[in-house]
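Thank you for asking me to go through this model; my remarks follow as numbered points, to be read beside the coordinates.

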Amino acid sequence: MKIINESPFHASMLIEKSENLKVADGTIHLLLCSMALEAFIQDLRSFYTLVNSSRITTSSSGGLFQKKTTTTSKRGGLSIDGESPVKWICDEELRLMILLDGIEKESPSRKYEILLNYLKVSDWNKGQDEVFKDIVRMNKLRNLIVHLKSDAHSLNDSGHIEELPKVIKELKSKGVNFCDNSVRGSWIHCLDDDSFITWCRSVIIKAIESVLDVLPDSDINKLFKDNYLSNVDTFQHLKN
């Protein structure tokens with residue numbers, strides 16, 4: 001099987017869409033980056049599934065007049081350019097593929113939690129992982145956007161909303177800026193700030209790198225990791 005040069009990774013495409021979007025619309029950037037985390041985990045799952053899929057091969061044996069063609073079905077192997085020696089999927093990767101199949105319906109933050117717990121075994125503590133806590137915050141904001149409620153709001157003398165969602169207060173305490181002075185009618189307008197938009201992209205990049213860093217060492221995983229990092233490197237400046 002040959003791997004094409006053009007990247008099929010959807011998470012990096014979603015991050016790129018956010019970066020190329022010249023409008024400071026925090027709602028759009030939040031949704032794109034929230035989708036990117038789930039897309040990354042799906043990309044990993046799909047990659048394993050693709051490598052492990054059955055492929056029909058044919059071989060010939062015998063002389064010119066007694067030539068015999070044999071057709072076989074093989075699975076679990078991958079040739080990077082169609083000519084290099086085949087790299088075979090290992091038991092660790094098969095177990096990880098089964099795990100990813102089993103968590104397909106979980107929320108993005110829960111998928112990340114299960115995946116890190118599995119890959120790091122006892123070394124990972126979600127209460128001490130700032131990336132995980134930011135993923136949870138992003139998921140909360142995403143859910144607030146998707147399930148917006150038209151509740152009554154208290155306004156101050158300037159006509160601005162006095163009470164913002166708790167998760168926004170948490171992010172403000174971490175140094176993320178919001179457009180507080182333009183919050184009229186709905187809190188979603190306060191997301192339209194470059195600081196918040198950069199935070200969204202930074203969170204998903206760090207989450208992707210956290211998973212890539214702990215994938216089991218193998219030829220197949222190295223292929224996935226190297227290809228994905230070459231895409232993520234495009235956005236390195238966003239982490240500073």
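1. In this predicted model, helix α7 opens with a contact between side chain and backbone, in which a side-chain oxygen of Asp193 comes to within 2.8 Å of the backbone nitrogen of Ser195.

2. Helix α7 itself runs over residues 194-213, and its 20 residues span 28 Å from the first C-alpha to the last, which is close to the 28 Å expected at 1.5 Å a residue. The helix is mostly covered, since 15 of its 20 residues are buried.

3. Ile197 is a residue of α7, and with a relative accessible area of 5% it counts as buried because that value falls under the 20% cut-off. Leaving aside residues up to four places away in sequence, Ile197 touches Ala24, Asp25, Gly26, His29 and Leu191. The C-alpha atom of Ile197 is also separated by 8.5 Å from that of Ser18, although the two residues are 179 residues apart along the chain.

4. A separate point concerns a pair of helices. Two packed helices are described by the angle between their axes and the distance between those axes. For α5 (residues 130-146) and α6 (residues 166-173), the axes come within 9 Å and cross at roughly 140°, and the crossing is left-handed.

5. Which residues of α5 and α6 meet? From α5 they are Asp134, Arg137, Leu141 and Leu144, and from α6 they are Val167, Ile168, Glu170 and Leu171.

Notes. Residues numbered from 1 in each chain as written. Predicted model: local features only at pLDDT ≥ 70, side-chain atom pairs only at ≥ 80, totals over all residues. Heavy atoms only, no water. Axes fitted to C-alpha atoms, helices over the stretch in contact; angles between N-to-C directions. Helix = DSSP H or I, 4+ residues; strand = E, 2+ residues; numbered from the N terminus. Left-handed = near helix turned anticlockwise from the far one by under 90°. Contact = heavy atoms within 4.5 Å. Expected span 1.5 Å × (residues − 1). Buried < 20%, exposed > 50% of the residue type's maximum accessible area, 1.4 Å probe, protein only. Polar contact = N/O pair within 3.5 Å; in protein donor to acceptor, adjacent residues only side chain to side chain.
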